[in-house]
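Please look over the structure shown here before reading the notes.

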Amino acid sequence: MALEAIIGLEVHAQLLTRSKMFCRCSTDPSAGPNTVVCPICTAMPGVLPVINRRAVELVVRTGLALNCSIASHSIFARKNYWYPDLPKNYQISQYELPLCRDGYLDIDVNGQKRRIRIRRVHLEEDTGKLYHTAGNESRIDFNRCGVPLMEIVSEPDMRSADEAREYLVALRQVLRYIGVCTGNMEEGSFRCEPNVNVRDTESGAKTGISELKNLNSFRAVHQSVDFEIARHTRLLQRGETVPRQTRRWHPSDESRGGYTDVMRSKEEAHDYRYFPEPDLVPMRIGDDWLSEIRAGMPELPQQKRERFVSQYALTPYDAGVLTQSLEFAQYFEAAVAACRAGQVAEAAKRVSKWLQGEMSRLLNETGQDIADVPARPEHVAELLELVEEGKLTGTIAKEVFEEMFRTGKPAPQIVSERGIEVVGDASELERIVDQVLADHAEVVAKVKSGKTQSKGFLVGQVMKATRGQAVPQIVNDIIDRRLGV
Amino acid sequence: MRLSLDEVRHVARLGRLAMTDQQCEAMRDQLDSILAHFEALQELDTDDVEPTSHSLDMANVYRDDEPAPSFDRDRILANAPKRDDECFRVPLIMEED
Ligand SMILES: [Zn+2]
């Protein structure tokens, strides 16, 4: 048998609108239970929905970012099913004629480029939230009911859990860049349901598709897809049939590793009896509207990566790290622009290194977003120039930056408040070097006779004399010049 | 007969309706006569008629993305068969068929 995994992803993303999809209730996620609800989103008799234009534009924007063709004519449909979190007993969704179809997203998996095709992107409404109580009742909060939701369906083009995760990471990055979704998986504003099965490429035999639920992190997606591939493979090799099922992921705990189990079999689940929504007239996306939306499109992650490589002479790897989030990329560009001296490429290299090093370390430690950090890009540029000019050592600069990161004070202020002596005056440093050379004539003789490893001792003495505030590389250079080696 | 009893039971199940065999038979007859009307419609020649999804010849009816105050919670919960201070209450749903 030559087995191959077949993975497609359905993603639901809450759209960043201020009001709901079909009524004017707020989408504020922090509102108290059932305080942002009205007769429309709780399906009282006689109400009518009205489409939120912004939600349509955000879906079209997503379609453009994912290289989709945008429907000039699109309609809503009713998806009928019974569940207490859905007060109308149908969800207004799209079936035929979705807003966007036939796109793709290019991803990079372990250094290899893969193109994942997008089948469709459509617009619908979210459901309410059910809270299970200790007794045999559930409580319902309809605040989320009617919040605009976008469904993005990929073709089953992924072949491993790694690819599924990379696709999801890249997709979330795009949605954040274009400002349509927060992408927060823990809070459920970005949800993923993988469809997984396994095929024998020789005989063509296939297992039934598992639709996976309850995944609220990238890790859960990766682990559950891996688990399902292994399960399907095992059953297929034994010659057992694997039925189509919806399965729930249970993350690992002390007692056992993560696993999936059956939530429901699929026989009746897909009988949604879709039909065109009679309460809403069709949407027509004309050329004018489309070009207006297109004109509002920001630079996409891939374009930004490519520009960073050409404009700043960065490696593709560095460009990838710096553009992971839009805010990080903007910070980088602002800091490079604030560097006064030297070539852009040099400045970019310094800033890139600092942001990936010290900045990322402190962001990880504090769990902050770069946009909220008090230290501004121009402060970082100034700090790095002090280092470049030899006025601060790398070690001292790191200390200064820690305070800058917390307080937003500029480097010169921190330096003077802390009484750090800036050994920047080259003539003073040279004087110290000369003194050290005079004090250690026997070591100087050794170095001159070719024992260059003894030079480290001299550098150390200078560092000691400056209490660690000189830049070792500069000290090294001065010694080299003095000794003519 | 255009519909089988099993199809009626299936539709009843989708609507979470508990129906006796007698009710299912009565419903089959009624649904059957509705379907008969549609069969009459299907005899029309619609080859030259543009398909539409809506009876109104309109498109692009939108509103701006401006939130407005919602309803008072007590008013929304007022007609609920069962409620508490904050939420609707419903019987626990078991997650399976
Ligand atoms: Zn509402």
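This is a predicted model: local features need pLDDT of at least 70, side-chain atom pairs count only at pLDDT 80 or more; totals for chains, interfaces and linings use all residues.

In chain A, the domain assignment gives domain 1 (3-284), domain 2 (301-418) and domain 3 (426-483). Strand 10 of chain A pairs with strand 2 of chain B, and a nonpolar surface patch is made by residues of chains A and B.

**Domains of chain A**
- The C-alpha centres of domain 2 and domain 3 of chain A are 31 Å apart.
- Contact between these two domains involves four residues of domain 2 of chain A and five residues of domain 3 of chain A.

**Strand 10 of chain A and its partners**
- Strand 10 of chain A covers residues 137-141, and it is largely enclosed by the rest of the structure because four of its five residues are buried.
- Strand 9 (residues 129-132) of chain A runs antiparallel to strand 10 of chain A, and four bridges join them.
- Across the two chains, A:Glu137 stands opposite B:Pro91 in strand 2 of chain B.

**A three-stranded sheet in chain A**
- An open sheet of three strands in chain A has the order 6-5-16, with antiparallel pairing.
- Its edge strands are strand 6 (90-93) and strand 16 (275-276) of chain A, each of which pairs on one side only.
- Strand 5 (residues 77-80) of chain A is joined to strand 6 of chain A by four bridges, and the two run antiparallel.
- A:Lys79 has A:Gln91 in strand 6 of chain A as its bridge partner.

**A:Val50 and the nonpolar patch**
- A:Val50 sits in the loop between strand 1 (3-14) and strand 2 (51-52) of chain A.
- With a relative accessibility of 31%, A:Val50 counts as partly exposed.
- Together with B:Leu56, B:Met58 and B:Val61, A:Val50 makes a nonpolar surface patch of about 300 Å².

**A:Arg54**
- A:Arg54 belongs to helix 1 (residues 53-65) of chain A.
- The relative accessible area of A:Arg54 is 32%, so this residue is partly exposed.
- Leaving aside neighbours within four places in sequence, A:Arg54 is in contact with A:Thr17 and B:Asp65.
- A:Arg54 and A:Leu16 are 38 residues apart in sequence, and their C-alpha atoms are 9.1 Å apart in space.

Terms used:
Residues are numbered from 1 along each chain as its sequence is written. Chains are lettered from A and ligands numbered from 1 in the order in which they are written. Side-chain values use heavy atoms; hydrogens and water are left out. Buried means under 20% relative accessible area, exposed over 50%, partly exposed in between (1.4 Å probe, protein chains only). Contact means heavy atoms within 4.5 Å. Two strands pair if DSSP finds at least two bridges between them. Patches are made of residues with over 30% relative accessible area and no salt bridge: like charges are joined within 9 Å, nonpolar side chains (Val, Leu, Ile, Met, Phe, Trp, Tyr) within 5 Å. Accessible areas come from the Shrake-Rupley method with a 1.4 Å probe; for residues, only the protein chains shown count as cover. A salt bridge is a side-chain nitrogen of Lys or Arg within 4 Å of a carboxyl oxygen of Asp or Glu. Domain bounds come from an automatic or database domain assignment.
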